[in-house]
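Q: Hey, I've just opened this one and I'm new to it. Can you walk me through it?

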Amino acid sequence: MPSLTVNGVTVNFPFAPYDCQKDYMGKVIECLQKKKNGVLESPTGTGKTLCLLCATLAWREHFKDTISARKIAEKLQGQEMFSNTPMSSWGTAATDGATPVYYTDVPKIIYASRTHSQLAQVIGELKNTSYSPKVCVLGSREQLCINKEVMRQESNHVKVHMCRGMVSTRSCVYYTNVEEHTTDRDLVNSILDVEDLVKFGTKQRVCPYYLSRSLKQQADVIFMPYNYLLDPKSRRAHNIELNGAVIIFDEAHNVEKTCEESTSFDLTPYDVASAISAVDKLLLEQAKEATVSEDLNVENLSSGLKINIESIGKIKQILLHLEAVIDSYDVPSDKGFTKAGIFIYELLERAQLTYHSKTAVYEALEEIIGHLTGQPGIFLNTSGLQKLADIIQLVFVGEPSEKQTQQQLMESNTAHFKVHIHREKSFHKKPQSTDVWSSSSSKKQGNILSYWCFSPGFSMQDLKSQGVRCIILTSGTLSPLSSFTCEMRIPFPVSLENGHVIERDQIFVGIIERGPDGVHLSSAFDRRFLPENMASLGNTVANLSRVVPDGLLVFFPSFPLMEKTLDFWRTNGHAERIESVKPMFVEPKGKGTFNEVIDGYYQKVNDPTSKGGTFFAVCRGKASEGLDFADTFGRGVIITGLPFPPKMDPRVVLKMQFLDEMSRKKTPGVKYLSGQEWYKQQAFRAVNQAIGRVIRHKDDYGAILLCDQRFKGSSARAQLPSWVRPYVRLYESFGNVIRDVSQFFRVANKLRPVAEKTSAARRQETICSPDTPSPAFPSCSSSQSSCTQKAKQLDAHLPSLKRRRLNEHSVANGMARICIEYESEVQESPRRPANLLDALEHGPHREGGDPDAAAGVEKANHLSTLSLQCDKRMADEMRGGKRKIKLVQEQTLRGSEGVSGDGSSSSRIKGFLAEMKRSLSQFSFERIIQALQTYKKNDEVEALLAEAAVLTEDANTHHLLRGLYQFVRPHHKKRFDERCQQLTGQGCGYKPDHALSVEEKKALMLQSAAVGPTSSTCSQLNTQQLNKGGGHLHQQGPRAPETAAVGPTSSTCSQLNTQQLNKGGGHLHQQGPRAPETAAVGPTSSTCSQLNTQQLNKGGGHLHQQGPRAPETGFASKRDVPAAFLADVKKAIGEEKSTLLFQAIQSYKKTDNYEELVSTVVSIFTERDEDFNLLIRFCMFIPTRHKKRYKEMLDALKGQSISAADVPASSEDLQSSASSSPPFKTQSKTSSFFSGSQRK
């Protein structure tokens, strides 16, 4: 491995570094050696993370080496150990001036990034270096806990208190094993990320959360999300020691926002009301116990609560006073009012919360929360109590001292804060109906108390005061550095704006002032929704999509602007033009469907038969933050406007006012941005972050197109990243843009030919880490690629690692997998699914070939259509804090055991499970899947109901409980329906026939078929029953010469298979030898007595008994058979689906595409059990060449073989039967259906 010397430190690097990488490592080592803070910007794709790790770890090793050199020198007492190498050459960096240094003083490296998914990428990079430090990754219980009882809780703070309770009583088996595994060599010497730690804990039955905390003590490098550092509460909770540590903030462009949010809060009326309700319940519980006990001493309380009723009552009094104080202010409905930060102490004092009482109140709140969360039974909401406890910790920071009075302390604590009280506008969206514990007071509208921090420097100064060695902030987009460092309120003597590793021919940057129609492009507030502006932007994107190859990213300033613009484009044809070239994919607002959309985009771009795809996203959204659009996945990025923060938002207004106030004060040695400067900075930093998606490594290339006339100003261009500014071109004519962009890609493609497109599955094996230059990097090795893929999936399934993969084989590409354990059973059971429980195990996604790729292509097409339609579900997904779940018809579960066809059943199951996965935490989802699998094996419905109880906790998940009805076996359906009625107030639509198994249904059918008419005469046949089906059986007398009635013998009639005739709904034409052209029939009484009327009626045939003098009714129209079937179909499935069915038949007649016909027919006739007979009757329209396949499909759907007698003859069969019996010649009625049904 190559090595280089930087500032006297030998750095081992995986390959020969570029100049920009040497510069970057030099600045990092300068910060470490000189104990200076640094702010370092290096574009994505320059190997920033790798440089940061190698430089830091090399310096740390050098630090230890110089300690060793000093100790050896002391023992040698001035003598040289090696004659050719004097001791002075070993370095003196570790002496830190005159301070003696020991091995225990070697600084720890605290490496913080925004999310665990980004940390997973960093750890992957670390594994590719020659360094092997002891590492530790800190996470929350939500990410690391493996105790099922704790993870069953949805609320994070409840998990915390439940965990603490189990640890204190040593009732958690995983926690008790921690001590013996702390020194495990495999654990200590391995570099593990969160997912690896969870796997280790699961395998060894040891708690990963407490294991990580114990590893922290001996770790050289500690990885954590940076809110753990910036939030004082989290820092105390994780016991993070900062004295002498080196702190690195990677992806630091979000540090400013995190600093402010970690020290701010919003207290809503719902928070206070739920806290009061929880305390009320506890008071009631304690009062009941008090009536039994003569003494109210703590020792006599059976609950084990360590505070008495009087203390609980004081907590309630504080809450009531707090609610009254907040609501006592008459707030203007539109704006609210604002006070200086120190007002928070005045307000809380009126509620009896002061520095004097804070400790007692906080301890009482913690005791109450711990007691309530530890109770068995129905969970009680304690989030309001937890919010109050957090507020006390946040507001009452520090203690008064001799040097600082209480007033001075309060002033310094609140100097960067504002108190804002405003009306609650969205009170009706609170989950009142789902929270059975909420009191009536929670349903009223009240005021919200907001305490907002407006200076990230408050948190940074707090960090610096902890005695850290130095703080390094680094990211790909920190420009402009001067304004960024100004906000931090601490000095940054070391700074760097690094160049890129790419050449001039790899990047195109154009500012497009006008669209193709000459209209100025602008997203300014007064122009953004003008029809001519939206139309011109649509024409611009449509034209650019033709010249930019492969993947095109289009970023809008905000979600509302994107939605309105896409609606306009859809209405006016712009979307259709874009879609015809590159299918459109739209970033959803919530996290639920994002992974499916982005996977669809990747699949479409990777499809060799497509021209790529267009991904529409918003600045500051998920797609603009850290997603990898390398190579063909991001050949161009279009910025449609400047994403200024919403200017009327109270927090934005107050932030600007705060900065203007600070600027006017002109404190010596302190410089503040003005409010307007900050406002512009926020817009350009979001633009720069989005721009960073397009060039991801040294050999990547792409175009950056800025479609807003405001970019043309020199001040605007100066805000762009330093590596972009030299390449900016200003265009006044749109034609020149198209010409130059086309030329750029022609040249780039010749110089750097595009590799052959592969499937997404193959791409996942070879994708490189986004922060590393690929060609020089051996880091595209399998180890790194798997790590990078792991990081992608962490980001996909664990927004804060909430939805964790518990098994490395559970990689979920969209909806390609349903549950983990069934993967090993695919080969063992090739049979088709006989019921929904089997379908859960053997879905079509488990059949041969490349299911992931096939599913991906299908999903890409589907999601593109959804995106084009700008589905309102995406827009409303997270409205009111909850996802608005839309039940589509295919997922509506009828109360039946009926089994859908392969396509319909699997899509219904996948749709239902996808919805359940989006609505629940990963733990709850996997728990229910496991319960279904267990139920399949042991047939215990009560166990299934017990595990599914989690679905009853929220009214929004009640329909998911009812959805499990489809997986319940017939003999349990009644019980399951009753329990659903008890738990949710609504049943599952149970009917008595649902309790019958398939075999029982068939037996009942055969039993009823065995009963025939008792009379030997035709006149005694029940014509009302016979007429239910719709087919006609014409029996006519001998004196009707115009209809040529002939009576066949009884032996002829007895040979007729009435089951076949009736189930198909066909006509029975019995014709005599003297009337071949009309074929009317008059059977004898002995013949008629042999007709099984019950079987005839099931099929829907009519038996018309007519006298010899009624010749006018004896003629059977050629369209009678399809007319009968059509009548039954329309009655069963409705007009709309009937139209779809007959369109499919007409298409089949023209194309002979059997698969297309059957997919339509099965999806229509398998939604309900009662329609299944229509699917069997439909066989009469299937030609002989396809009949065998159709019957096999019916067998699979029915779960058993369907006899030939059950399947009606096709038109071709009838024709061949007629032609084989000369001299008779019969026109097949069904053969005319294909040509006649649509004319009807």
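Q: Let's start with aspartate 708: does it count as buried or exposed?
A: Buried: aspartate 708 has 0% relative accessibility. Keep in mind that this is a predicted model.

Q: What does the aspartate 708 side chain meet in a salt bridge?
A: Arginine 710, at 3.0 Å from N to O. Arginine 710 counts as partly exposed, at 28% relative accessibility.

Q: How many salt bridges does the count come to?
A: The count comes to 29. One of them joins lysine 358 and glutamate 399, with the closest N and O atoms 2.8 Å apart.

Q: Where in the chain do lysine 358 and glutamate 399 sit?
A: Lysine 358 is in helix α18 (residues 358–373), and glutamate 399 is in the loop between α19 (383–395) and α20 (406–413). They are 41 residues apart, so this pair links distant parts of the chain. Lysine 358 counts as buried, at 10% relative accessibility.

Q: Which residues are linked in a network of salt bridges?
A: Lys48, Asp250 and Glu251 are linked that way.

Q: Switching topic: which residues touch the most other members of the largest nonpolar core?
A: Val11, Phe223, Phe249 and Met460, out of 103 residues in that core. Helix α2 (residues 48–76) gives the largest share of this core, eleven residues.

Q: What is valine 11 in contact with, leaving aside its neighbours within four places in sequence?
A: The list includes Pro2, Ser3, Met25, Ile29, Cys54, Ala55, Ala58 and Tyr131.

Q: What about a second core?
A: There is a separate one of 52 residues, and among its members are Leu319, Leu365, Phe396 and Val419.

Q: OK, sheets now. In what order do the four strands of the open sheet come?
A: The order is β8-β11-β10-β9, and the pairing is antiparallel. β8 (265–267) and β9 (337–340) stand at the edges with a single partner strand each, so one side of each has no neighbour in the sheet. On average, neighbouring strands here are turned by 20 degrees against each other, direction ignored.

Q: How many bridges join β8 to β11?
A: Three, with β11 covering residues 447–453. Aspartate 266 stands opposite serine 450 in β11.

Q: Which helix lies across β8, β10 and β11?
A: Helix α16 (residues 309–327) does, and it runs at about 90 degrees to β11.

Q: What about strand β19, is it enclosed or open?
A: Five of the five residues of β19 (residues 702–706) are buried, so this strand is largely enclosed by the rest of the structure. Both of its faces are covered, with Gly702, Ile704 and Leu706 on one side and Ala703 and Leu705 on the other.

Q: Which strands pair with β19 in the parallel sense?
A: Strand β14 (residues 507–512) runs parallel to β19 and is joined to it by five bridges. Strand β18 (residues 636–639) pairs with β19 over four bridges, also parallel.

Q: Which residues of β19 are the bridge partners of valine 509 and isoleucine 639?
A: Valine 509 has isoleucine 704, and isoleucine 639 has leucine 706.

Q: Back to helices: why call α37 largely enclosed?
A: Because 13 of its 17 residues are buried.

Q: What follows α37?
A: Aspartate 939, whose phi is positive, near 60 degrees.

Q: Last one: where is glutamate 487 found?
A: Glutamate 487 is in helix α22 (residues 481–488), and it is buried, with a relative accessible area of 4%. Residues in contact with glutamate 487 include Glu256, Glu260, Lys655 and Trp678.

Conventions: Residues numbered from 1 in each chain as written. Predicted model: local features only at pLDDT ≥ 70, side-chain atom pairs only at ≥ 80, totals over all residues. Heavy atoms only, no water. Core = buried A, V, L, I, M, F, W, Y, C linked by side-chain atoms within 4.5 Å. Buried < 20%, exposed > 50% of the residue type's maximum accessible area, 1.4 Å probe, protein only. Helix = DSSP H or I, 4+ residues; strand = E, 2+ residues; numbered from the N terminus. Contact = heavy atoms within 4.5 Å. Salt bridge = Lys/Arg side-chain N within 4 Å of Asp/Glu carboxyl O. Pairing = 2+ DSSP bridges. Axes fitted to C-alpha atoms, helices over the stretch in contact; angles between N-to-C directions.
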